[in-house]
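Thanks for coming. Please have the sequence and the model open while I talk, and stop me if you lose your place.

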Amino acid sequence: MKQLIIVAGPTAVGKTAHAIELAQKYGTEIVSCDSRQFYRELNIGVARPSLDELNSVPHHFIACRSVEQPYNVYDYEHDAMMVVNTLFQSHDVVIAVGGSGLYIDSLVNGINYMPDPAPGLRERLTNDIAEGKLPEMLGKLRELDPEYYAVVDHSNPIRIQRALEVILTSGKTYTSFISKPLKNRDFDIKTIVLERSREELRDRINRRVDQMIDDGLLEEAKSLIHLRKLNTLNTVGYKEIFDHIDGKCSLPEAIVEIKNHTWQYARKQLNWLKRYMRQEG
């Protein structure tokens, strides 16, 4: 049977190197399920694989679209499954890699249909985010769906907005939609969740952020300032630098915030991935 091997884990744990090693071992290609690495404009701040890494093994869904082109997990599932099934025509094994839990889930089980937002709701929530009301939105999410609140990345406004759209439109929790029995795949799936000690992972995160600064994250953020109102840019690594550019904090303070927020994000990723850890038992 054909096999999809998924390399998952928190940010900075070493997924890219492990996935490339496996792809070279099996003579196959890599499908990314990292939702921040889809976009051409985002490079340093999303820790996109280096050119050497990208050239060592064929990669799919890296820098494949613009941040100005809306893309969601339903579109991704459709596109990614087309790529996976095409690759299976000439490969027995395909490697998928990423830390975006919902996108990993879409490959493993598919995504259930969710209702489109009620008229005007998306615009209202988008405006709320633009006006800095993300904390209030998080409070609403905690009230209406505490289970999803516990695992979602609190600094990812796209996920928070989508959950609230579904909840407020349907009157049901977002968790009830994403936890339903989903599709059966006609290939074998093996999930490898990479782990490191708390101390080592935090050190790797801190060193990665320092490297991002050395590589030019400040300059990259400045080049994207005209796009900062897009939800995709309201994410760890960019929003803190935007605050610095706005004069709200010094660069060293922004760097500390990026490290702290990235660590918080990594912990959320681990909570989401516990289901796969249990499966691999």
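Find G110, the glycine that comes after helix α4. The phi angle of G110 is positive, near 85 degrees. Keep in mind that we are looking at a predicted model, and that every value I quote is computed from it.

Now step back into the helix itself. Is α4 mostly covered or mostly open? Helix α4 runs over residues 101–108, and eight of its eight residues are buried. In order, they are G101, L102, Y103, I104, D105, S106, L107 and V108. Note that D105 and S106 are on that list of buried residues along with L102 and I104.

Y103 takes us to the aromatic rings. How many aromatic pairs does a search of the whole structure find? The number is 10. One of them joins Y76 and Y103: the ring centres are 5.2 Å apart and the planes meet at 65 degrees, so this pair is edge-to-face. Y76 belongs to helix α3, residues 73–88, while Y103 belongs to helix α4, so the pair ties together parts that lie 27 residues apart in sequence. Y76 and Y103 are both buried.

Which residues do ring pairs link into a cluster with them? The cluster consists of F38, Y39, F61, Y71, Y76 and Y103. One more ring deserves a mention, this time with a charge: K268 lies over the face of Y149, 5.9 Å from the ring centre.

Next, the cysteines. The count of disulfides is zero. A disulfide would need the two sulfur atoms within 2.5 Å.

Now strand β1, residues 3–8. This strand is mostly covered, with six of its six residues buried. In a regular strand the side chains alternate between the two faces of the sheet. You can follow that here: Q3, I5 and V7 point one way from β1, and L4, I6 and A8 point the other way.

Which strands does β1 pair with? One partner is β4, residues 93–98, in the parallel sense over six bridges. In that pairing I5 stands opposite I95. Another partner is β5, residues 188–193, again parallel and again over six bridges. There, A8 has V193 as its bridge partner.

Last, a residue at the surface. Is E199 buried or exposed? E199 is part of helix α10, residues 198–215. Its relative accessibility is 58%, so E199 counts as exposed. If you want a distance to check on your own screen, take the C-alpha atoms of E199 and V152: they are separated by 23 Å, and the two residues are 47 apart along the chain.

That is the tour. Questions are welcome.

How values were computed
Residues are numbered from 1 along each chain as its sequence is written. This is a predicted model: local features need pLDDT of at least 70, side-chain atom pairs count only at pLDDT 80 or more; totals for chains, interfaces and linings use all residues. Side-chain values use heavy atoms; hydrogens and water are left out. Buried means under 20% relative accessible area, exposed over 50%, partly exposed in between (1.4 Å probe, protein chains only). Helices (H or I, at least four residues) and strands (E, at least two) are DSSP runs, numbered from the N terminus. Rings of Phe, Tyr and Trp (its six-membered ring) pair if their centres lie within 6.5 Å; planes under 30 degrees apart count as stacked, over 60 as edge-to-face and the rest as tilted. A charge sits over a ring if NZ of Lys or CZ of Arg is within 6 Å of the ring centre and within 35 degrees of the ring normal. Two strands pair if DSSP finds at least two bridges between them.
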